Amino acid sequence: MTSQLAFEAIAEATPGAKWKRRWDLSWPAYEAWFLRNGGEAGPSRAECDAAVKSYMPELVGTHARLTELTGGGGRAARFLSGWCPPAYLSGCSIAAQTCGGKVSLVRNYDLSPDLNEGLLLRSEWRRPVMGMVEFLWGLSDGINDAGLSIALAYGGRKEVRRGFGITMIVRYLLETCESVAEALDRLKGIPSHMAYNLVLADATGQVASVELFPGGGFREMPAAVATNHQQGAPRTDRDRANRTVERRAYLETLLESDAPPNALSRAFLSEPLFQRDFAGGFGTLFTAEYTPARKGLALLWQGQTWSQTLSDFEEGQRLIVYDTDLNAIYFADWSYWGARAPSSWQLAGQEIAQQWTSATTRCAAAGYGGGYFPYCV
C-alpha cells in the first residue's frame, strides 16, 4: 500500500489567486475536521477578530484579506484566526547549532502522509518569509529575510487552554521579529492553546529552545533541541512508542560532539530520528534544513534535495510516494497538479477530505481519538 504527498512551492507576495487555489483544495478537509472536533462551539467571530487585534495587531490586515478571499464567511474567519482551535498534535525532532561560524536549524516532520499540506510558500505580507504551511497560512517551520528561523514540535501534553494554535504563533514571530532575542521577548505576551516546543536560530548565531505552556508562558531549555515531550511531564505509552526521550538524548549528544552542520542534517535522515511508520501515522514526511546566513531552506529526503532561498526562490513541485508496507520513500515524476483542470479542484479537495477521514478512523482504532487532530503511533 502506498500514500503520496504532493509538495508544491509557491511564491505570492500578497494573498491572491495562488493562495485562493490552495484554499479551494484544502478547505473541505479542514472544514470537516473543524466541525467534527467542536470548532463550531468555539469562540465567536467577534472574539476571534478581537484576539488577533489584541495579540497580533500587525496581522489584522492579512487576516482580513485572507478571509475576504474565502468569501468572507464567519466560519472561515474563525478558522483563519487561529484563536482557540480544536486540539491538534504532530511529531517532530528539531536541533539548531552554531559550529565553525555556520548556523543551521534542522527538523524532521513526522505524521501521516495523508495529513500534511505539502506547501512551501514564499510571501511578503509584512516582510519576505518562506516556510512549510499548515492551516492554510500558519507555519510548522520557516525563515524570514533577517535570517530568523523557527520550527515547532508537539509538547506531549493534552491540556488545552485559551490561546492561539502554534502554527499561527510561528507565522507571527517570523512576520514581526528579526532575532532570537526579539522573538523570545515577543513570545512572552502570546498564549499557546497547547503545549508545544519551539527551536529558534538567527543569522548572528544565536539559538534557543523553549517549552510553551498551555494558556501562556514558556520555559527556555539549555540545549537547542526539541522532540515530543516536556520537562517534568509524566511519560505515556505514546512517548515510548514514538521514542521521544531517546530522540532528544540522541540530539543532545550530537550537539555536544560539535558535529559539523552537514553531519547534523545527515543524522536526521537516519534512525533514531528518521521515522518509518507511515501506515501508523508517524513517518518522516520531510527533513527541512534552514541556513540563516543564506536565508535558505533545503527540503531533504533520502536521496533527494530541494533547495530554495528567499532571494532565489523557484516555484515547482515534487511528488513523494510513501510505501506503508515496505516503510520506504519513492520519488515520482510530477503529473498530479498539471493533470487537473481548474474545474477539478473541488474533486481534489473531496479526495483529501476522504483521506483525512480514513486517517482519523485509523487513529481512533489505535486509541488516539477524542477529538484530536488525526495523528497516531
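Where is the place of Pro 272?

Modeller: This is a predicted model. Pro 272 sits in the loop that links α9 (261–267) to β12 (276–277). The bond to look at there is the one between Glu 271 and Pro 272, a cis peptide bond with omega at about 5°. Most residues other than glycine have a negative phi, and most peptide bonds are trans. Exceptions in phi belong beside that bond, and they come next.

Cys 84 is one of them: its phi is positive, near 50°, although the residue is not glycine. Cys 84 belongs to the loop between α4 (74–81) and β2 (91–99), and with a relative accessible area of 18% it is buried. Leu 136 is another, with a positive phi near 70° in a residue other than glycine. Its loop runs between β5 (129–134) and β6 (138–144). Leu 136 is buried as well, at 2% relative accessibility.

The structure holds zero of them. A disulfide is a covalent bond between the sulfur atoms of two cysteines. For the sulfur of Cys 48, the closest cysteine sulfur is that of Cys 84, and because the distance is 7.1 Å, the two are too far apart for a bond. The cut-off for a disulfide is 2.5 Å between the sulfur atoms. Cys 48 is buried, with a relative accessibility of 1%.

α4 is mostly covered, with six of its eight residues buried. The buried residues are Ala 76, Ala 77, Arg 78, Phe 79, Leu 80 and Ser 81. They pack against four helices: α1 (17–36), α2 (45–55), α3 (60–70) and α5 (166–176). After α4 comes Gly 82, which has a positive phi near 75°.

Covered strands can be found too, and β14 (residues 296–301) is an example: six of its six residues are buried. Gly 296, Ala 298 and Leu 300 point one way from β14, while Leu 297, Leu 299 and Trp 301 point the other way, and all are buried. β14 runs antiparallel to β13 (residues 282–291), to which five bridges join it. It also runs antiparallel to β15 (residues 304–309), here with six bridges. Ala 298 can be followed across these pairings: Glu 289 stands opposite Ala 298, and Ala 298 in turn stands opposite Ser 307 in β15.

The turns on either side of β14 bring back the subject of phi. The hairpin of β13 and β14 has four residues between the strands, and Lys 295 takes a positive phi near 50° in it. The hairpin of β14 and β15 has two residues between the strands, and Gly 303 in that turn has a positive phi of about 110°.

As for the whole, the protein chain has ten helices and 17 strands. Of its 377 residues, 61% count as buried. Taking contacts between residues at least 6 apart in sequence, 68% join residues at least 24 apart. The accessible surface of the chain is about 13,800 Å², and carbon and sulfur atoms account for 50% of that surface.

Terms used
Residues numbered from 1 in each chain as written. Predicted model: local features only at pLDDT ≥ 70, side-chain atom pairs only at ≥ 80, totals over all residues. Heavy atoms only, no water. Buried < 20%, exposed > 50% of the residue type's maximum accessible area, 1.4 Å probe, protein only. Contact = heavy atoms within 4.5 Å. Areas by Shrake-Rupley, 256 points an atom, 1.4 Å probe, with all protein chains shown as cover. Pairing = 2+ DSSP bridges.
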